[in-house]
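Please have the sequence and the model side by side before reading on. The paragraphs below are meant to be followed with both in view.

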Amino acid sequence: MGLKQPFEPPGSPLIHEACQTAYPVQQMVGILFAYLGPKPAPLLPRYETMVRRDGRRSIKVLPIHNNNWLQAQENSVDPVHTYYLHGHMLAQQGLLDSGSHGGGYFYRPIQKYDFELCEEPAWAGIRKIRFYGGDKPEKEVGHPAIFPNILLAPQGTELTLHWRVPLDDEYTYIIWSEFTVSEDGSEVEQRDEDIPVGYIESWKRSDGSVDLTGFPMQDQMAWETQGKIFDRSRELLGVSDRGVVMWRKLLKEQIERVQAGLEPVGVVRDASLNEVIRFTLSAGQRAHTEEVRRRIEQSAAE
Ligand SMILES: [Fe+2]
């Protein structure tokens, strides 16, 4: 093997017992996915944005978040935070329709909201449904939070998959896989090694203040200021938190399945069942994407 163990006598059997644990790894859209569960490893889910070829991909690695991963995930089933935390905060800063996200979309009055538990063969999750009023009324069939740690969200001109990976109970590593659909629907030849990766070091300024001029830093502020592990015995849940309760129930059910020796939802081992997981975006979301695209082109031309 060519490996040696210093200070062990020649021929010692100890070298054969000292093993580093290794995990199977698969690569998709430029990201390595390790599987840490009982073998054999299941198939990687085939999310639409990871298998489509009519667009261009990029990756963003966010600064490490100093909070438990579940705080980020619970936020993804909160349909109303987008109004105050994003829309209103950007409006206060005079930034509502600047930037690539376009906060104006989220600053319309939310007249009502609903939640839908999605249980499909290849995935489960929760969709938050919003009914907007104002001058652009819309029923937004929301993008789903996907069990256990994923969010699919339209962001400006991109469809973005967010993975919230727990480094431990108090730190979370967040990776985005971004997919920008070609305007004319044409296929893009892009090898994994050509997918650009953007590392964002920190949104915190050297003077200790926090840059709150965009969605992800506003979210980070909201998740981290709950404390590393939010003390849920002190929380006061309202009607708009129904999605959070549904998410916890889903999580608890899946933990119980695993404890009973069963597989959690979304584990697929048969390739013939590993269908592409498709998502529905509302007409308003699509129109918003086009609006942001036009704005970006316009500012580039000026
Ligand atoms: Fe948010």
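What follows goes from the whole chain to its sheet, its core and a few individual residues.

This is a predicted model, in which local features need pLDDT of at least 70 and side-chain atom pairs count only at pLDDT 80 or more, while totals for chains, interfaces and linings use all residues. Residues are numbered from 1 along each chain as its sequence is written.

The chain holds seven helices and twelve strands, where helices (H or I, at least four residues) and strands (E, at least two) are DSSP runs numbered from the N terminus. Its C-alpha trace spans about 80 × 50 × 50 Å along the principal axes. Of the 302 residues, 25% count as buried; a residue is buried if 20 or more other C-beta atoms lie within 10 Å of its own, exposed if 12 or fewer, and partly exposed in between, with C-beta atoms placed from the backbone. Among the contacts with a separation of 6 or more, 62% are between residues 24 or more positions apart, a contact being a pair of residues whose C-beta atoms, placed from the backbone, lie within 7 Å.

Eight of the strands form an open sheet of mixed pairing, in the order 5-6-7-8-9-10-4-11; two strands pair if DSSP finds at least two bridges between them. Strand 5 (110-119) and strand 11 (197-199) stand at the edges with a single partner strand each, so one side of each is left without a neighbour in the sheet. From one strand to the next the twist averages 25 degrees, with axes fitted to C-alpha atoms, for helices over the stretch in contact, and angles running from 0 to 180 degrees between N-to-C directions. Within the sheet, strand 6 (residues 124-132) runs antiparallel to strand 7 and is joined to strand 7 by seven bridges, and Ile129 stands opposite Val141 in strand 7. Helix 6 packs on the sheet, where it touches strand 5, strand 6 and strand 7, and its direction makes about 170 degrees with that of strand 6.

In soluble globular proteins, nonpolar side chains tend to be buried together. The largest nonpolar core here has 15 residues, and those with the most contacts inside it are Val77, Ala145, Ile146, Ile150, Leu152, Leu161 and Trp247; such a core is a set of buried Ala, Val, Leu, Ile, Met, Phe, Trp, Tyr and Cys residues joined through C-beta atoms within 7 Å. Strand 7 (138-146), strand 8 (150-155) and helix 6 (242-259) each supply at least two residues of this core. Leaving aside residues up to four places away in sequence, Leu161 touches Tyr47, Thr49, Ile150, Leu152, Trp176 and Ser177.

The peptide bond from Phe147 to Pro148 is cis, with omega near 0 degrees, and Pro148 is found in the loop between strand 7 and strand 8. Another cis peptide bond leads from Lys39 to Pro40, with omega near 5 degrees, and Pro40 is placed in the loop between strand 2 (31-34) and strand 3 (46-47). Val29, although not a glycine, has a positive phi of about 45 degrees; Val29 lies in the loop between strand 1 (25-28) and strand 2, and is buried, with 20 other C-beta atoms within 10 Å.

Finally, Gln285 lies in helix 7 (residues 283-301) and is partly exposed, with 18 other C-beta atoms within 10 Å. Gln285 and Glu138 are 147 residues apart in sequence, yet 9.3 Å apart in space, C-alpha to C-alpha.

Terms used. Two residues are in contact if their C-beta atoms, placed from the backbone, lie within 7 Å.
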